[in-house]
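Visitor: I'm new to this. Could you walk me through the structure, one question at a time?

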Amino acid sequence: MPFRLERQETVSGLALLAAPLLALIFTLIVGAVMFVALGQDPIRAFSVYFIEPLSDPWTLQELVVKAGPLLLIGIGLSFCYRANRWNIGAEGQYVAGAVLGSWLALATHGTEAGPWVLPAMLVLGALGGALWGLIPAVLRVKFGASEILTSLMLVYVAQLGLDYLVRGPWRDPQGFNFPQSVTFDPVATMPLLFEEGRLHAGVLVGLVAVALAAFVLGRTLVGFSIELGGSAPRAAAFAGFDERRVTYGVFALSGALAGLAGIIEVAGPIGNLQPSISPGYGFTAIIAAMLGRLHPVGVLIASLVLALTYIGGEAAQITLRMPFDVTRVFQGTLLISILAADVLVRYRIRRLKGAAHA
Amino acid sequence: MPDVTILAAVLASIVAAATPLLLAALGELVAERAGTLNLGVEGMMIVGAAVGYATAYGSGSLILGTLAAVIAGTLLSLVFAGLAIWLAANQVASGLATTILGLGLAGLVGANYVGTRLDAAPELHIPGLSDLPLVGPVVFGQDAFVYASLILLAFVAWGLSRTRAGLVLRAVGESHGAAHALGHPVRRIRTLAVMFGGACAGLAGAHLSLAYTPFWASDMTAGRGWIALALVVFSAWKPLWLLAGAYLFGAVSILQLHVQGFGLGIPAQLLSALPYLATIAALVVISALKRGQGAPASLGVPFVPDR
Amino acid sequence: MRKILSKILSASAALAAGLVIAGAATGGAGAAEKLKVGFIYIGPVGDFGWTYQHDQGRKAVEAALGDKVETTYVESVPEGPDAERVIEQLARAGNKLIFTTSFGYMEPTLKVAKRYPKVMFEHATGYKRAANVSTYNSKFHEGRYILGQIAAKTSKTGTIGYIASFPIPEVISGINSLMLGAQSVNPDIKVKIVWVNSWFDPAKEADAAKALIDQGADIISQHTDSPAAMQAAEARGVKAFGQASDMKNFGPNAQLTSIVDNWAPYYVERVKAALDGTWKSTDTWSGMKDGEVVMAPYTNMPDDVKKMAEETEAKIKSGALNPFKGPIYKQDGTLVVKEGEVLPDKDILSMNWYVKGITDKVPGQ
C-alpha cells in the first residue's frame with residue numbers, strides 16, 4: 001500500500017475545524033471496538049466520558065481547574081520548543097516555584113501580614129521556577145551540556161528537595177510529625193471565583209498568559225527572534241539575534257510560568273505544602289504544548305481536552321467501575337487519534353501506483 | 001578476605017542495576033541515531049515486563065517469556081512508528097501517547113498475575129571463571145540478560161560504525177533529505193530502528209519481571225524508561241559512553257544504599273538525589289572537555305518525501 | 001472512498017445520537033435502597049501491598065453484605081490537587097460512605113466532608129476528624145515487636161536489616177518496636193536502616209535488601225510494599241519478614257512471618273453501622289486483638305522460636321504486653337517511659353526519635 005503524504009501549503013479554516021472532528025470520529029470508532037472487547041457498553045462509556053462532564057456546572061469548573069496548570073506550563077514550553085530548546089523539566093520548575101512561593105506563606109504564617117502576601121508569593125513562585133529553569137540554560141550555554149538531560153534530572157532533584165523540606169524544617173509543628181506544612185493563612189490563599197466549587201483566581205492568570213503570549217509571538221520582534229532562532233539559527237545570528245540570550249530568555253520564561261502554576265496550585269486547590277503537589281502536570285503539559293501546535297490558543301484547547309480525558313476517566317472508574325488501566329488505554333488511544341487526525345488535515349494522502357521507495 | 005567479598009557483591013549489584021537501563025537506552029540510541037526521538041520507552045518497557053511475565057508464567061518457559069516481551073515491545077513501537085514516521089505526527093507527543101497507552105495495556109495484561117511469582121532467571125555460572133576472586137562473581141556470575149546487554153552493546157557499537165547498514169542509518173539520522181536523494185528508504189529504515197528500540201525496551205522490561213524482581217506489579221518499572229532516555233543524551237549518542245553512563249548511574253544508586261547502611265546520618269533525600277546530580281555533573285564535565293558533539297541533525301524532525 | 005467516508009459519518013452520527021439519549025437516561029435510574037460505598041486508593045490495586053489490601057477489604061464488604069451494598073473505587077489517585085476532585089466526584093455519584101485510604105487525603109477529605117454533611121467519610125492514618133469524618137489506623141508496630149524477637153533469636157550475625165520508606169511516625173515507631181522486641185531477647189542486637197524514599201519501587205527495594213545483606217544483615221525486615229526484598233532474601237539464602245500481604249509465595253524458604261494488613265473486619269463493621277444508621281464519627285486504632293494486624297504462619301524457624309513468637313502474640317492480644325512499656329530510653333539515654341508505664345498513643349502516633357541501641361539518626365531531625 002504505497003502512499004505518499006503531500007504537504008498542504010494552505011490549511012483552510014475549515015480543515016482546522018475538521019481535525020478535531022475527525023479525531024473524535026476516529027476515537028469513537030476505535031474506542032467503541034475497545035470498550036466492546038473489554039465488555040463495556042460503548043455508548044454508556046462515551047456518555048460518561050464526554051457528555052456528562054460537559055453537561056454539569058461542577059465538572060465544568062473542575063475541568064478548568066485541572067486545565068489551568070497545564071495551560072500555564074504549556075504556554076511556557078511553547079516558547080522553548082519554538083526556539084528549539086528542549087526543556088522537559090517543567091515538572092521540576094513547577095516544584096521549585098511552589099517551594100519558593102510557599103516560603104513566604106510559611107514565613108508570614110500567623111502574623112498580621114496584609115493582602116500583599118499572595119501577589120508577592122506569585123512573584124516568588126515565578127522567580128523560583130525561572131531560576132530552576134535557568135540552570136539547564138546556563139549549563140547549555142557555558143558548557144554545551146544538553147538541556148534535555150539536565151532539565152529532566154533536575155525534576156527528581158527538585159522533588160527530593162521538596163520532600164526534604166516538608167518532612168524536615170517546614171513540617172507543621174502541630175502535625176504529629178506528618179509530612180506537610182501548616183495550612184496557609186487566608187491572605188496567602190487564592191481567592192475563589194464563585195461560592196460553589198473550586199474555580200479560583202489562578203485561572204485568570206492562565207487566560208492573561210494566553211493573550212500575552214499570542215501577542216508576543218504574533219506581533220513582536222521578540223517572538224520573531226525566538227521563531228527564527230529555532231528554525232534557522234544561522235539566519236538568526238546573521239540578523240543579530242543572540243542565541244544565548246534566546247536560550248536564557250525562553251528557559252526563564254517557561255520556568256517562570258511553570259513556577260507560577262506551581263504556586264497557584266499550592267496556594268489554591270491544595271492549600272499547603274506537601275510531598276506530592278503535582279500529578280505530573282509538567283509532563284502532561286508537554287503533550288498540551290505539542291497538541292496545541294505551540295500556539296497559545298491551541299494550548300488552551302489542548303489543555304481542556306486533556307483535562308476532560310482525566311475527569312472522564314475518573315467518572316468512568318466511579319460510575320462504570322472501569323479499571324484505571326482501561327481509562328489509561330483509552331486516553332492513549334484518544335491522543336493517538338488526535339495526532340493522526342491532525343496529520344490527515346495538514347497533509348493530503350496520495351496513493352501511489354506500483355512500488356516506490358517510501 | 002571479607003572486603004573483597006563485599007566489593008565483589010557491590011560491583012555485581014551495580015552491573016545488575018545498570019542492565020535494564022543499558023538495554024532500554026541502547027535501543028533508543030539506535031532509534032535516535034536514525035533520527036527518531038521515541039519518548040515511549042517507559043511504555044514499551046512496562047509492556048515487555050507484563051507480557052513477558054504473563055507468557056513465562058503461562059508457559060513455564062523463561063525463554064518464551066523473553067521472546068514475548070521482545071515482540072510486545074516491538075509491536076508497541078510500531079504504534080509510535082506508524083504515527084511519527086508514516087503519518088509524520090509530532091514525535092514528542094506521539095512518544096508520550098505511546099507511554100500512556102503502554103502503561104494501561106500492561107496493567108490490563110498483568111491484572112491476573114498480581115501476587116504470583118516465578119523462579120528468577122538463573123545466574124549463568126561459568127565453571128572455573130565464576131570462582132575467581134572479585135572478577136568471578138562480577139563478570140561471570142550474572143544472569144543471561146547482563147550478557148545479552150553487553151553483546152548487544154558490542155553489536156550496536158560495531159554495527160553503527162563499521163557496517164554499511166550503520167552508515168546508512170546514521171546518514172538517515174543526520175540528513176534525511178540527502179539520504180532520500182541517494183535512494184535510501186528513509187521511513188523504512190527509521191521504522192526498523194524504532195522497532196529495534198522497542199525490542200530492546202521489551203527486553204529491559206523482561207529483565208525486571210523475569211530476573212531482577214521476578215513478579216508482576218503495576219508500574220513496576222518506576223520511571224526507569226525516562227532515565228534510559230536521559231542516558232542516551234548523556235552518552236552523546238555513542239554506545240561506549242552509554243555503557244559508562246548506565247554503570248555510573250547504577251553505581252551511584254547502589255552506593256547510596258550502602259552509605260546509608262553505614263549510618264552516616266546524611267539526609268536520605270540528598271543520597272537519593274545523588275544519581276541525578278552525578279549524571280548532570282558528569283555530563284557537564286564531558287561536554288566542557290569536548291565541545292561540539294551533538295544530536296543527530298534530523299533528530300525529531302519528521303520526514304515527508306516531497307516527490 | 002467517498003462511500004466509505006459517508007458510511008463512517010452516518011455510523012458516527014448514530015453513535016452521537018445514542019450518546020445524547022444515553023446521557024439523558026442516566027439521570028433517573030437510581031439503584032433501589034443499596035448503600036453505595038466508595039473507596040479512593042493511592043496506588044494501583046495490583047501493587048500487592050497497601051492498596052491491594054484495602055481492596056481486599058472492599059471485596060470482603062461485598063462478600064459479607066451482598067446486595068445491600070454497592071462498592072466502587074478509584075485507584076492510583078495522586079495526593080495533591082486531584083484527590084479532592086475525586087473524593088467529591090465519589091460523593092456526587094451517590095456514595096454515602098467513602099473511605100479515603102492514604103494520609104495525604106486528609107485535608108481533601110475534610111474539605112469535601114464540609115460540603116457534603118450527609119455523607120460519611122473514613123480517613124485512614126490521619127489525625128483530623130469532623131462530625132462526618134472518622135479516622136482509623138492499625139497498630140502495625142505490635143507485629144513488629146514480634147518480628148524483633150524472632151530476628152534476635154534467629155540472627156547469627158546479630159544484625160537486622162531494615163528497609164524503610166519515609167521517615168514518618170508510623171515507620172519510626174515500627175523500627176523502635178522491632179528494636180525493643182529484639183533487645184528483649186538480645187541486648188546487643190544491631191539494626192541497619194536503609195531509606196529508599198519510596199513506598200513502591202521493586203528494583204530499588206531489591207537493591208536495598210542486597211546492600212543490607214552484603215553489609216552483614218542476615219534478617220531483612222521491610223516497611224515498603226513490594227515482595228522484591230523477600231525474593232532477594234530468598235535468592236541470597238537469608239531470612240526475611242513480609243509486609244502488608246503474606247509473602248510466603250515469594251520466599252518459601254526465607255519468610256519467617258509477615259505482618260498482614262487486614263482491613264476487612266473494620267470495613268465490614270463500619271459499613272454495617274452505616275446501614276443500621278448507627279454510624280458515628282470515631283477514632284479507631286485497632287491492632288492484633290481486633291484481627292486487623294495479622295501474623296502470617298511462623299515458618300522456617302526452630303520450634304522454640306516459634307513457641308516464643310506465639311506466646312508473645314498471645315500476650316499482646318490479651319493486653320499483658322505492650323511493646324512501648326517502660327523503661328524506654330531515647331538514643332541519648334534520656335528516660336522517656338518510666339518502669340511500669342506505657343507510652344501514650346499520641347506519642348506513638350507522632351514519634352520522631354529512636355530508642356537507645358539504634359546508632360542511626362532519624363532523618364530530618
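Visitor: How many residues does chain B bring to its contact with chain A?
Guide: Let's start with the ground rules: this is a predicted model, where local features need pLDDT of at least 70 and side-chain atom pairs count only at pLDDT 80 or more, while totals for chains, interfaces and linings use all residues. Residues are numbered from 1 along each chain as its sequence is written, and chains are lettered from A and ligands numbered from 1 in the order in which they are written. Two residues are in contact if their C-beta atoms, placed from the backbone, lie within 7 Å. Chain A puts in 38 residues, and chain B brings 41 residues.

Visitor: Which element gives the largest share of the side of chain B that touches chain A?
Guide: Helices (H or I, at least four residues) and strands (E, at least two) are DSSP runs, numbered from the N terminus. Those giving two or more residues here include helix H3 (62-86), helix H4 (91-110) and helix H9 (186-212) of chain B. With twelve residues, the largest share comes from H4(B).

Visitor: On that side of chain B, how many residues are nonpolar?
Guide: Ala, Val, Leu, Ile, Met, Phe, Trp, Tyr, Cys and Pro count as nonpolar, Asp, Glu, Lys and Arg as charged, and the others, Gly among them, as polar. The side of chain B that touches chain A has three charged residues, nine polar ones, and a nonpolar count of 29.

Visitor: And where chain A meets chain C, which element of chain A gives the most?
Guide: Here 36 residues of chain A are in contact with 38 residues of chain C. Among the elements of chain A that give two or more are helix H1 (13-37), helix H2 (42-54) and helix H3 (57-82). By class, this side of chain A has 17 nonpolar, eleven polar and eight charged residues. The top giver, with six residues, is H2(A).

Visitor: How far apart are the C-alpha centres of the two domains of chain A?
Guide: Domain bounds come from an automatic or database domain assignment, which gives domain 1 (1-40 + 322-358) and domain 2 (52-320) in chain A. Eight residues of domain 1 of chain A touch seven of domain 2 of chain A. Their C-alpha centres lie apart by 30 Å.

Visitor: Which element of chain C has the lowest mean pLDDT?
Guide: pLDDT is the predictor's confidence in each residue, from 0 to 100. Chain C averages 89, yet pLDDT stays under 50 over residues 1-31 of chain C. Strand E3 (residues 97-100) of chain C has the highest mean, 98, and the lowest, 42, belongs to helix H1 (residues 2-25) of chain C.
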